[in-house]
Amino acid sequence: MSEVNIDQIQAWIDQGRLDPTKQITPKELIESGLVGSIKDGIKVLSRGAETLKQPIDVMVSRVSAQAISAIEGAGGKVLTRYYTKLSIKRLLTGESMNTDKPLPQGAEHVEGVLAGARKNLFRYRLPDPTSREDIEYYRDPAHRGYLSYQLSPGESPSLYFRVPGVHKIKSAVKKENKQADETLW
């Protein structure tokens with residue numbers, strides 16, 4: 001994953017290489033020359049957060065917590081979205097369109113997706129995450145994930161019904177406390 005700092009983004013804005021009025025995505029960062037090589041995604045880090053002068057709208061793979069607070073503190077917006085190396089290449093060649101909407105699920109949505117695909121000139125949609133870790137990351141509102149709308153109020157972004165290992169940890173603590181009580185004189 002390529003890393004970009006806020007001070008680098010601000011320097012590119014000051015030089016006129018990035019437009020702060022438009023959404024800053026991996027396509028814009030690569031085309032402007034801020035990121036040299038195509039990797040699995042781009043992570044925004046908080047170095048130089050105090051240099052941010054105007055609100056920006058950022059949609060990248062990952063953003064650090066300090067960078068989120070700096071961007072939103074300046075009045076900007078942050079959204080994290082899942083990208084692969086191939087999807088970023090397709091964005092750069094114009095075969096795909098950047099969107100913050102995931103693929104609809106279920107047979108009832110097939111006709112709507114096909115009609116939209118026939119209407120658009122783009123050949124490919126951006127993929128959605130398939131690994132548990134990635135799904136949980138992009139479902140987490142703290143990470144400003146694009147799948148966070150799926151959570152009900154109070155629901156955890158974890159795909160498990162309960163957090164795994166909590167019951168085992170509590171049982172182990174109880175056993176240790178019981179053993180400590182028995183070993184006392």
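Which residues of helix α1 (residues 6-14) are buried? They are Ile6, Ile9, Gln10, Trp12 and Ile13, where buried means under 20% relative accessible area, exposed over 50%, and partly exposed in between (1.4 Å probe, protein chains only).

## Basis of the model

This is a predicted model, in which local features need pLDDT of at least 70 and side-chain atom pairs count only at pLDDT 80 or more, while totals for chains, interfaces and linings use all residues. Residues are numbered from 1 along each chain as its sequence is written, and side-chain values use heavy atoms, with hydrogens and water left out.

## Overall architecture

The protein contains seven helices and six strands. Helices (H or I, at least four residues) and strands (E, at least two) are DSSP runs, numbered from the N terminus. In that direction the elements follow the order β-α-β-α-β-β-β-α-β-α-α-α-α.

Of the 185 residues, 35% count as buried. The accessible surface of the protein is about 11700 Å², and carbon and sulfur atoms contribute 53% of this surface; the areas come from the Shrake-Rupley method with a 1.4 Å probe, and for residues only the protein chains shown count as cover. Among contacts (heavy atoms within 4.5 Å) with a separation of 6 or more, 58% involve residues 24 or more positions apart.

Viewed down the axis of α1, the buried residues fall within an arc of 160 degrees, so they line one face of the helix. The arc is that of the directions from the helix axis to the C-beta atoms. An α-helix has 3.6 residues a turn, so residues three or four places apart point the same way. The packing partners of the buried residues of α1 are β1 (2-5), β2 (23-24), β3 (42-45) and α3 (65-73). After α1 comes Gly16, with a positive phi near 85 degrees.

Strand β1 includes Ser2, a residue that counts as buried at 9% relative accessibility. Not counting residues up to four places away in sequence, Ser2 touches Val35, Ser37, Lys39, Gly41, Ile42 and Lys43.

## The parallel sheet

An open sheet is formed by three strands in the order β2-β4-β6, with parallel pairing. Two strands pair if DSSP finds at least two bridges between them. Strands β2 and β6 are the edges, each pairing on one side only.

Strand β4 (residues 57-60) is joined to β6 in the parallel sense over four bridges, and to β2, also in the parallel sense, over two bridges. Asp57 of β4 is the bridge partner of Gln23, and Asp57 also stands opposite Lys77 in β6. Met59 has Leu79 in β6 as its bridge partner. Both faces of β4 are covered: Asp57 and Met59 are buried on one side, and Val58 and Val60 on the other.

## The nonpolar core

The largest nonpolar core has 34 residues, of which Ile9, Leu29, Val44, Ile56 and Ile71 touch the most other members. Such a core is a set of buried Ala, Val, Leu, Ile, Met, Phe, Trp, Tyr and Cys residues joined through side-chain atoms within 4.5 Å. Two or more residues of this core come from each of α1, α2 (26-31), β3, β4, α3, β6, α4 and α6.

Leaving aside neighbours within four places in sequence, Ile71 is in contact with Ile6, Val44, Leu52, Ile56, Val58, Gly76, Lys77 and Val78. In soluble globular proteins, nonpolar side chains tend to be buried together.

## Salt bridges

The structure holds eight salt bridges, each defined as a side-chain nitrogen of Lys or Arg within 4 Å of a carboxyl oxygen of Asp or Glu. One of them joins Asp134 and Arg62 at 3.2 Å, N to O. Asp134 lies in helix α6 (residues 132-139) and Arg62 in strand β5 (residues 62-63), so this pair ties together parts that are 72 residues apart in sequence. Asp134 counts as buried at 18% relative accessibility, whereas Arg62 is partly exposed at 22%.

Arg81 and Asp128 form another salt bridge, their closest N and O atoms being 3.9 Å apart. Arg81 lies in the loop between β6 (77-80) and α4 (85-93), and Asp128 in the loop between α5 (110-119) and α6, so the pair ties together parts that are 47 residues apart in sequence. Arg81 is buried, with a relative accessible area of 0%. A salt bridge at 3.6 Å, N to O, links Glu133 and Arg132. Salt bridges that share partners join Arg132, Glu133 and Glu136 into one network. Arg132 counts as partly exposed at 34% relative accessibility.
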